[in-house]
Amino acid sequence: MRKYEEKRKHARAPADLRVQVEQYSVAPMHLVACNASSENLSAGGIFVRSDRPFKVSSTVLASFTLPGKGDFLEVAARTVRCEEMENGYGVGLEFIDCGVLEFRDIEKFVKRREENRRQAT
């Protein structure tokens, strides 16, 4: 496994979420979608495990629901990392178009997870 330089600007938290990842292919123009599961989440992005690879620098739409929330969050993201892992691919997605409300909901989720982790230790 390769080592990556830490570039995160936002705190992250473990998160086991079901994520729909959609990418448009240009030749021929069609939608490629897959279901993935997240490992962690921050206000800046999400890391998911997928059964298919995504090209680095490609733009995707990530849709997921935070625990306790009923609405799907839909966030445009850029693939910043994709590596083959056991049973699939690890895909790092950097959010590039996240609404203010979605951003705040994600920040609150991460903060709650961190507070719960501290209380448990």
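Start with S38, and select A15, D16, L17, V19, I46, F47 and V48 along with it: S38 is in contact with these residues (heavy atoms within 4.5 Å), leaving aside its neighbours within four places in sequence. A quick note before you zoom in: this is a predicted model, in which local features need pLDDT of at least 70 and side-chain atom pairs count only at pLDDT 80 or more, while totals for chains, interfaces and linings use all residues. Residues are numbered from 1 along each chain as its sequence is written, and side-chain values use heavy atoms, with hydrogens and water left out.

Now show S38 with its side chain. The side chain of S38 reaches the backbone oxygen of A15 at 2.5 Å. S38 sits in strand β3, residues 29-42; strands are DSSP runs of E with at least two residues, helices are runs of H or I with at least four, and both are numbered from the N terminus. Is S38 buried or exposed? S38 counts as buried because its relative accessibility is 5%, where buried means under 20% relative accessible area, exposed over 50%, and partly exposed in between (1.4 Å probe, protein chains only).

A search of the whole structure finds zero disulfides, a disulfide being a pair of cysteine sulfur atoms within 2.5 Å. C34 is in no disulfide, and the nearest cysteine sulfur, that of C82, lies 9.9 Å away. C34 is buried, at 6% relative accessibility, whereas C98 is partly exposed at 22%.

Move on to D97, in strand β7, which covers residues 88-97. D97 has a relative accessible area of 53%, so this residue counts as exposed. Which residues does D97 touch, not counting those up to four places away in sequence? They are V75 and A76.

Finally, zoom out to the whole protein. There are seven strands and one helix, and from the N terminus on the elements run β-β-β-β-β-β-β-α. Of the 121 residues, 38% count as buried. Among contacts with a separation of 6 or more, 53% come from residues 24 or more positions apart.

Technical notes: Polar contact = N/O pair within 3.5 Å; in protein donor to acceptor, adjacent residues only side chain to side chain.
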